[in-house]
Structures are given as structure tokens and as C-alpha cells.
Amino acid sequence: MPVGHTLETSVTLNVNYYPRVEVGPQNPLRIERDHVAKLDCRVDAKPKVSNVRWSRNGQYVSATTSHTIYRVGRHHAGKYTCSADNGLGKTGEKDIMLDVLYAPIVTIESKTHEAEEGETVLVKCNVTANPAPMAIEWLKEGATDFRYAGEQLTLVSVRAEHAGNYICRSVNLMQPYNSKRIEGVGNSTVALLVRHRPGQAYITPNKPVVHVGNGVTLSCSANPPGWPVPQYRWFRDLDGDQGNTQKILAQGPQYSIPKAHLGSEGKYHCHAVNELGIGKMATIALEVHQPPQFLAKLQQHMTRRVGDVDYAVTCSAKAKPAPQIRWIKDGTEILAARKFYEIRTTPTDAGGGVVTMQSVLRFRGKARPNGNQLLPSDRGVYSCLYENDVNSANSSMHLRIEHEPIVLHQYNKVAYDLRESAEVICKVQAYPKPEFQWQFGNNPSPLTMSSDGHYELNTRMENNDIYISILRIAHLQLSDYGDYTCRAVNPLDTIRTQIRLQPKGAPEKPTALKILEVGHNYAVLNWQPGFNGGISTTKYLVSYRRVSTPREQLLSDCSGQSFTPSYQLSGPQHEWIEFNCFRENPCKLAPLDQHQSYMFKVYAFNSKGNSGHSNEVLATTKVNKIPPPLHVSYDPNSHVLGINVAATCLSLIAVVESLVSRDTTAPMWEIVETLTLLPSGNEVTFKEAIINQMARSAHYTTATSSTGRSASPSSGQLGEDRTMALAETAGPGPVVRVKLCLLANHEHCGAYANAEIGKSYMGHSSVLSTSAMVAIIIAAISFVLFLALLYAFCRCRRTHAAKKQAAAATASTLPNASGGAKEYDVDATTVVAPSPSERNVEQTQSTLPPPPPPYYPTGSLDSKQLDGGMELTLTALHDPDEQLNMQQGEMQYQAKAGRYGQQQQNGYGYHVTSALGVDSDSYQVLPSSAAAAVAAGHHGEWSSNSQENNYSNARDLSQEALWRLQLAAAQSQQIYVEQRPPSAFSGLVDYAGYPHINTVTSSLSQQSFGQLTPLAAAQQQQPLTPHEMLQAAQRYGTLRKSKQPPLPPQRREQPKQQQQQQQQLADIIQDLAN
């Protein structure tokens, strides 16, 4: 092979391996019976296998990778093997267990178990389950308290009452694959038969009642029932013999009577018999009731003539039990009290409990002519009705009375306008049927139907022998107005009646006005309408007004003149009020006030005019609600009872009750006194009485007022509950309650009020209500608070005036403050003499405008908060850290020019502190050191302005302190502050008009604590607008402390100047506090 050449070759290696088998989805696989089981077989082999083989106990089952059993049974449980062969000579296989879960299967060898009385009974219960049962127990049907645990039931010395059905019950818990836990229950029943003779027999129904013609079935049973199964024997006690020789009526547990009759009534007996003996007999009495059966009925049709005397009809029927009898005419029961009829009923005993009832209806009474004559109104349908518990029966008669025609139409006039079609109606009642004739005016010739259709005659019949004849007149003319005569003739008599035809006009007045019903807020009126003038739309107006009743005439507050109904909108109080009833008659008038007297009258109106008023009627509305007493008190020592009653126009009585005993389920109250209360009008009254017989119980105490039984049903139960609660919680002493009732009706009462026991009552207290007392107390408290505020205001004015005078005196002595300085413990800063350049600046500064006057922003700052701010400032000045900050400001200022040269001996270091706390909206700026000239130059003016307004608004001090902060910024450019909440000063003050005031900067914003060179100090002294300066003050708030550095040597070299600085600072702080 040549040099540099490479030979390559490749070999492919294939590795074959035996099958590796996995089965699932779970091993063992738990499936509930009757569900689907799916066995999976997964094979990993090389070469791959084409199929697998499932086998069970060596027998082939399936050749699929997934073997499915769609309805698993108990016989499917066992081991299944999945095997796979890929030809390499070794077969892979894996076993999976199929666990079939099923509920307990309970079996008992026999469904019945027979035993003799006194034996021991053993019954075994066989249970098969997967998984094994958790519990096996025995139950008995009908005996909820019987439970016996275990597979075998053991009953020692059984008796007849042990007989019955016993249930063996088993429970297990199953957890199938991919399912929730299931509880399986299985049971089986065995009947325990204890041989015994039957016991007492019972017959149902125990009080049988059957109607004649109906069937009845009697059932017999025994307890204990007896075993072997007994036979039942029925007997009937016909002659009172209940011996063994008695004839057996029937055998079997039931005895039936298919069609009962009166002879079926009697006593029936039954008992049970088996081979072990005879049970006790049961007896019942069968009652057979008979519905009313008529012995004599009414004649269906009867005709009598008016004037016949002593007419009577009779009914007779028998029934069991005795029936009730009613006579009915045209659907309305006949009552003897109406004085038109007499009813006499005679009972007769027909034997066997059957009663024969004969009833006679006589047409007699004081309201009849001569007391016994028939009237035309006696016509109608009469029925005698017999009723008992079984059924009812009736017999009817249609009675017709022959009589002459009787006029029935209401008005003898009709009204129509010209060119209308008029109808003149003649309405009569008669039997036999009458004949009608019409005549006009004095013309004796009867009117007939004319060919031109001007006259038309028609007659029709209605019920109760009523006949109507109608004369129609077409296209009415003036000559048609007049009197028309209607002539009615029948075999008994002839009548004539005149009917006037007239033009339409105003209605006639109503008559016979009366009150049908009166409530607490309404009245129902009825009247007899007058002729409506021929206009069917005639309406009726009721006029009414409030009047005084006789018992109210002595009380002007209850008179009609002082009464204003809630629904009267205008007009004098004594005027009539009208209520539109439209065409309703009767008419319900509402709303009215309770227990008030009203006068009513009615009139009619239509388009043609009004009628006159009817007669007047008086009515008094009822009482709806009676108020309870306002206050009740009782003094056990003096036996004096006091009752406050609200203003009322009712005549009332006060019912006083005392608690006697609560030994029973409900407290027992006794009425001890009844007091009469007269109407009071608009005044609250006080009633006082001495009651000596008040009950005293050793178990009761007093209680405050509570609501008792009310006149209304809804509130009555609540009131009783509260008084019962009072009785239950009472202690030693009497318990008294009072209710108000109507004098005319003692059953109509209001709510109870429980009495306060003791001397707490006051008779004159009745003139003041609870609301009035509350108003007086509130007014008194308000007056006292007003006086207190007025006193505080005046005192503050005097205090501020005194402070103002003291401030003026202090300002006059400030130039010599070093001599009279107050001893404040404040370290002064070294005073440095001004340089020539500083003097030039001072001369320029003297030409600048004066500082601005104080500004008063919104907010609040009282004197107490100012005192707290001053203390906070003094504390801060005693801190050496703050002193170092002030000295650093002085050293920086020596390198630059001051604008207040002569007045500024050294720099000002100001502490921005909150005068109102962390969450306040106002800040107070206090100086740490000051030059005497600065304080002397402006102190007087500031003090005067601020003290002038301090009593009304203390917020000027915080604004004045802010201005001084700006002034101090020109002298000391370092203020150490901490982060604080925003202040109410934001954007409130604008000092743009004073450019000579330098702005304040913070040493925390890109500044250091070290000494600055004059050039650096000048660069840092960048002017800011007053608004930006205020925002900086708002962001940082109070001073932040730093570690205490060593004091500079200048502080120890000028003690005298330090003392002067302390005195000047103390004066400024005092000024701010004032």
C-alpha cells in the first residue's frame, strides 16, 4: 500500500435479546364484579414479537396484547400469564393476579326456623365477600332497638314475642382500580316461628258504622298471633249467650256483609284457635245507619187563591240517627221569627234506633191578614229538607197563588225628549195571566198599533208571574206628552195605573237614607233613588260633616268646629264635605276618622240639574285602636296607683290587674280595680287611686313598661308573651299592669302597661311627654356648653392682650438683651466680626424692602401645640450634634457676603419641626441662634402682628416661622432634616416679591458635613424659588441627629458672645410661643 494512503472498513453489529414482558395496569388488578377488566401486556424484544399469548392455569385465553373481560364474575379471579417468544430460544413471561371484588353474599341454611317456647335458638349466617366483611350483625323487623353481633344468632329461652323475621346483615369496603371506595352490603332474612297458642283477638274497625244498602268488612287478628297459623272464628251475639255452644257465624280472618240493613246491626265476636289452644275473644258493635226516607212527600204542584185561610203542608220521613228538618222557600230558609209561618215537628220512635219525624208548615203569623190568609207573595217553590249523618233528602212543591194584577213598576213617569222614541212600561204581577189595554189622556178608546208605526205594543212574561207591557211611541211629538193609562185584567180583578210621559229634566231627591254598616274608618249608606228625570247617567253625591256627640258636648276639643279631617284640603272646618258615589247604591264612604260622629245626606244630579237633599242620618264610627297608658306607677307603702293617659276623646276605663301566682304554666292575673276615665280632649290626664287589695307575692319584683294584650289579634299574643316574661323574671313585691278599655265595651281593650313600683311617679309629670323632656334636656346642655365656650373665649382675649404688652416691652429692651437675658441653657455659636466686603453687602441690604407681613394659611395650630414645639426646639438645641451643625454654618458663611451685614453677627441654624405631630399639616420653624440686631430689627413688628390675630387663628405663627426660615437661609445655608409627610404649606406662600430672601437648601442633598471653602459655598448658594424652598422643607421635616464631633476651638474662646446669643435665641422662642 503506497505511503500516505489509508484503508477503511466498517462493521455493523446487531445485538438480539430475549423478550422482556411487563403486565398491568395494576398488579394485582382489583375490579368490581360485573365491571370491565382490561389486562395489558407490554413486550420489549429484538427481534420484535408479532403477538403474545395469555393463559390461565396453563390454558390458552387470548393472543392479543390487551385481554378484556367485559363482565367480570367471581370465577374470573385468578392468575393470568402473558408470554412472548421471538425465536431466540427463550420465552419471556409475566404473571398478573385478577382480584374480583364483590359485596357480601349472605346465606342462611333455612328461610324459617321453628322452635318451641323455652328452647334456645341457634341460627348461623354464612357470609362470602371480597374483601372480607368488616362487620356482621343481626336485626329484627319492627324492633329498632334489637342488634346482635356475630355470624351466629343465639336466643335463649325463646317466647312468643321472640317470633318474627331476623335479618343477617354484612358490610365490607371495596377499593377497585381507578375508582373511589365503595361500601358493599349484603343481607338475608330468616323467619323465627315459636310454637304458641294465639293471644288476645282484635277486630278492625273497632267502631264500625255502615249505611243501609252499603257493604262492610270486619278483620280479626291476634297478638301474639299463634303458631301454627290459627283459625279465626266469628260469632254474633243474638241472645246474649257467649258460651262454647254458640253457633259459628263464619271462619277466617275477615267477615263481610255485602249489603247491610237495619237487621245487620248488633254485636260481633271473633277469636283465634290453633292446636295449642284458643285465644281471647274480641267484640265490637256494628251500627247500621239509615238515611232519611220519606213516608209522606209534598205535592209537586199546588194552586191556591189569595185570601185562603189556614193553609198548611206536611212532610214525614224516618231516619237513623234522628234527622234535622228545615223548610226552604225559593232557596232561602223559612224562619218562624218572620211572623209569616209556623213550623211544628213531631218525632216518633220507630224501634231499633229509627226515628220518624213529621213536620208541618202552616201559613200563619201576625204579619198576615187576619193572621191566617194567603198572600200573593206566598207563591214560590217550597222544600222540606231532612238531614242526618248519613245523607239528606228533600221534597219540593211549587205553590201558585191566584190573585188580581199588582203594579210593580217603580215610578209612574217616564221622560224623553222630542223626536226620540219613547217606551212607556207597565209592569204587573198576576195569576192567571192578565190582558193589557192602553189609553191616552181622557180618550176612552184603547190605543192600538198604528199603520204608520207611531204606536207599537208588546207584552212579555218573566218569572214569578210577572208580566210587562211596553207602549213604544216613535218620533216623539209635543202632543204625545201626557198621562197614559195601563189597564190590566184577569179573572180575579181589573186594575188601572197612570204613567206620565214628560220631557227629560232634573232628578228627584232620594228618600229613605239609612246606614247599613259602620267601621272605624268607613260607613256604608243606602237610599231609595228618586226618579232620575229620564237620564240614566244620574249620579249621587253624599254630603257629610263632623258633628259632636252628646257625651262630647262639654269638651270643646272634641267638638265638630275644632275637627279637621286629614282628607279635607280647604274650606272652613264646619262645612259639608261631598263624596261622589257615582251610580253606586249602596255606597261605601271612606276614609273617616275613628270614634267620630258624622251627619250624612245625599242628593242626585245629572245634566239637567240637581235634586234636593234626602233625609239626614247620624252615625258614629267605631274604635280601631285604644292607646296604652303613657305611664303607670304604684307605691306599695301608700297603696297609691298613678296612671298617665294621653289626650283622647274616648270614654275609657282603666282595668288594674295584679299578679297572683305563676305556679301553673301561665301566670295568673287578678283584676283588682276598674277606674272610669272621662274624655280629655287635647290634654294629657292623670288618674290617681288608692288600691289596698293589691296582691303581694314573695317571688316577684318590679319591671319597666311592656306591651300587653292588644285589641288587635295580631298584637295580642305578643303582649301576653311579654307579660308572661315579666312574671317569670319578677322578684319580691307586687306586680301590677294596667290596660285601657272602652266604657261601652269592656272587651275592646288596648295594650298593657306594667307599673313601676315605688315613689317614682309624679302627678304633675303628666303634662310633659317623653319627647318634650328630651328636648328640654338637650336645650339645657346646649346652653351650658355655650356659656363655657363664651367664658373660654373671653379668658383667651385677656391672656393674649397681656402677652402682647409683654412682647412689646421685650422688643424695646432687645438691643440690651445681654444684660437682661433669660437663663436658657442654649450653647451659643462663635461670633465672627464682619469683613469689609460684608459691610458693603450690609449697606446694599439696607436699601432692600422690609420683610413681608405674616400670612395666614388654612390649617390649625393652638397654643398647646406651640408650647410642645418650643420644648422640642429647646431639646434639639441642647444636643451637641445640632450645635456642630450650627458652627459649620458659621464657618461657611465667613467666606461669603451677608445681605444683613450689620444685623448678622453669625449664621442662623433653623430646626424645622412639626408643631402638630407626624401626621399634621402645619410646621413650625424655630431658630437655633440669632444676632441681636436681627431680632431687634424685626421682632417688634412680627410680635405685634402675630399676637393681634393669635386668639382667632394660631396658624399665623407657623407662617411667621416660615418667613424667618427664609430670612435665616440668607445667613446659614445648611439645615439638616429628615423625611416627613407632605405639609399643608405646599404652594400656599409666594415670596417672589422679596428677591433679597435667600432660599433654603439641605445638607442631605449632595452636601457633606465637612468644612466648605468660600468658593464651594458660593457655588452651593444657588437661588431657589420660595415654592421650591417650601417643598424641600416639606420633604425633610425635622432635624436628623449625627454622631457628636469634637467642638471647634472657637466655641471655647468667646463665652460672652455665646451668652448673648443664648439670650437672643430665648427671646425669639418666647416670641414664637406667644
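**Aromatic rings in a predicted model**

Mentor: Tyr-311, Tyr-341, Phe-363 and Tyr-382 together make up one aromatic cluster. This is a predicted model, in which local features need pLDDT of at least 70, side-chain atom pairs count only at pLDDT 80 or more, and totals for chains, interfaces and linings use all residues. Residues are numbered from 1 along each chain as its sequence is written, and side-chain values use heavy atoms, with hydrogens and water left out.

Trainee: What describes a pair of aromatic rings?

Mentor: The distance of the centres and the angle of the planes describe such a pair. Rings of Phe, Tyr and Trp (its six-membered ring) pair if their centres lie within 6.5 Å; planes under 30 degrees apart are stacked, over 60 edge-to-face, and the rest tilted. The structure holds 14 aromatic pairs. One of them, Phe-294 with Tyr-386, is edge-to-face, at 5.3 Å centre to centre and 80 degrees between the planes.

Trainee: Are Phe-294 and Tyr-386 buried or exposed?

Mentor: Buried means under 20% relative accessible area, exposed over 50%, and partly exposed in between (1.4 Å probe, protein chains only). Phe-294 counts as buried at 18% relative accessibility, and Tyr-386 counts as buried at 0%.

Trainee: Why is the pair of Tyr-544 and Tyr-598 edge-to-face?

Mentor: Their ring centres are 6.1 Å apart and their planes stand at 65 degrees, so the pair is edge-to-face. Both Tyr-544 and Tyr-598 are buried.

Trainee: Which charged end sits over the ring of Tyr-341?

Mentor: A charge sits over a ring if NZ of Lys or CZ of Arg is within 6 Å of the ring centre and within 35 degrees of the ring normal. The charged end of Arg-368 is placed over Tyr-341 in this way, 5.1 Å from the ring centre.
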